[in-house]
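Subject: the model you asked about

Hi,

Here is the structure I promised to pass along. Have a look at it first, then read on.

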Amino acid sequence: MKRNPLGSRHRAALVAAVTLLTASVLGACGSGGGDDAAGEKTDSGGAITVWVDPPRVPAANAFKKAYPDIDIKINQIDGTVGGKSLQQQFAQFNEAGQGWPDAIFFPSNDDIAWASGAQIDYTLDLTDHLPDVLDGYEGSINAACEIDGQVRCLRNDAAPDVFWYNKAFFDANGYEAPTTWEEYGDLAVQITKEHPGKISGFTGDAYAPDRYLWGSGCPTNDRQSETVVHIDTADAKCTRAVDLIGTMLEGKALSTVGIFDPDAAKVGKDLVMSPGAAWWGDYLFNQTWKIPAGEMTAVEPLAWDGESEPSTGNEGGGLWGVSNHITGKQLENTLKFAEFVATDPRWQVELSTGLPAYGPVQDAWAEKQAKANYFADNEATFEAMKKANDYVVDGHAYMLYNTGAVWTETMAAALASGGDVDQAWTSFGDELVSQAKAMGYTVE
């Protein structure tokens, strides 16, 4: 999922073209957004259409099996993260006054920014429709869906970063897992000196800024309103993260590939520790990289020196949206679908490999996952996953611009070619602000 680097001139042209195309389509809709374009809400009599990416097809099929009396059409859509075609489709639906799916799993979490915005205005406020479901989301897990006093989506899975380390390697060599970010950086360099080739993280994928920048509280996505964002890459919480990355790169302790790159499976076998999402455990370590059982385990996220609590980012954790263009039996059945995919053990426990965002089924999911006996310390790993949700840093919203894409086009590309960290960071900050402004934000 690493994107090909583009020249800054080409990136600017691409952003401008997308912005102009979207604006021209939206202009035909008027300022009232989706409701004006749609006219009266529709009621099919109960039949519903849902759009899902490939990994969520089993969720939709599980609902179909659980509710055979509900007529449901399942459309599989492109799951490419950061794409713009979906947004353009919805703008066209608004112009035509028809065509929206009744429910959707958004390919990119950033999609919620345009889907809930005043121009597209697709997502239904679920506050009064699913109050019991919303009560099951603990802490900040569903914060990405809480926009301007409304709940505009449901989180599918929780994806907080925990701290992963190879316990078998650590035990064999007398190392202890770090508890602070600074200890992590120092130990990473030490291990690489003592064991050349061993690595302690990745910088080449679109989730890297979530791991390091979000985990430090760096203001890259600090939404103030629908049209205003605070970005400050000179903030001390940004520079400490960049300094950490620079220290580890200088010590050859980081890989500049991305976790989804073709070489990642080979490189991943030399990973000894890293912050990483809860889903890394089964999806990356077990299924993709084939790291043997009994080696990897997770502990709670790291704290920064001088801070009393850990701080961490979040990598993914998909979002479900419900259309605000429907009513009656059609809406009733769509809400049943939304509740099922968010909460029902027949999907969230039996079929999903990600830690459920819905709290009441997390223990059952962990119990099922633990039966595989893959991790070196199952109890510590699953407890760390649940606890990490409490430490995800506030003030990071999903925006019309994609921070991960900007990272791969600037920072990751420069580091992969041996570029200077400080220069790459300057390029990242400049491009982030540029893209935010191109998408219509006032940057503070």
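Below is what I found, starting with the ground rules.

This is a predicted model, with pLDDT of at least 70 needed for local features and 80 or more for side-chain atom pairs, while totals for chains, interfaces and linings use all residues. Residues are numbered from 1 along each chain as its sequence is written, and side-chain values use heavy atoms, leaving out hydrogens and water.

Helices (H or I, at least four residues) and strands (E, at least two) are DSSP runs, numbered from the N terminus. Strands pair if DSSP finds at least two bridges between them.

Sheet first: three strands form an open sheet in the order E10-E7-E11, with antiparallel pairing. Its edge strands are E10 (273–277) and E11 (296–299), each pairing on one side only. E7 (residues 161–166) pairs with E11 over four bridges, and Phe163 stands opposite Val299 in E11. Helix H8 (residues 181–194) packs on this sheet, touching E7 and E10 (contact means heavy atoms within 4.5 Å). Helix H16 (residues 378–388) also packs on the sheet, touching E7 and E11.

Elsewhere, strand E1 (residues 48–52) has four of its five residues buried (under 20% relative accessible area, 1.4 Å probe, protein chains only). E1 pairs with E2 (residues 72–76) in the parallel sense over five bridges, and Val52 stands opposite Gln76 in E2.

Cheers

Methods:
Buried means under 20% relative accessible area, exposed over 50%, partly exposed in between (1.4 Å probe, protein chains only). Axes are lines fitted to C-alpha atoms, for helices over the stretch in contact, and angles run from 0 to 180 degrees between N-to-C directions.
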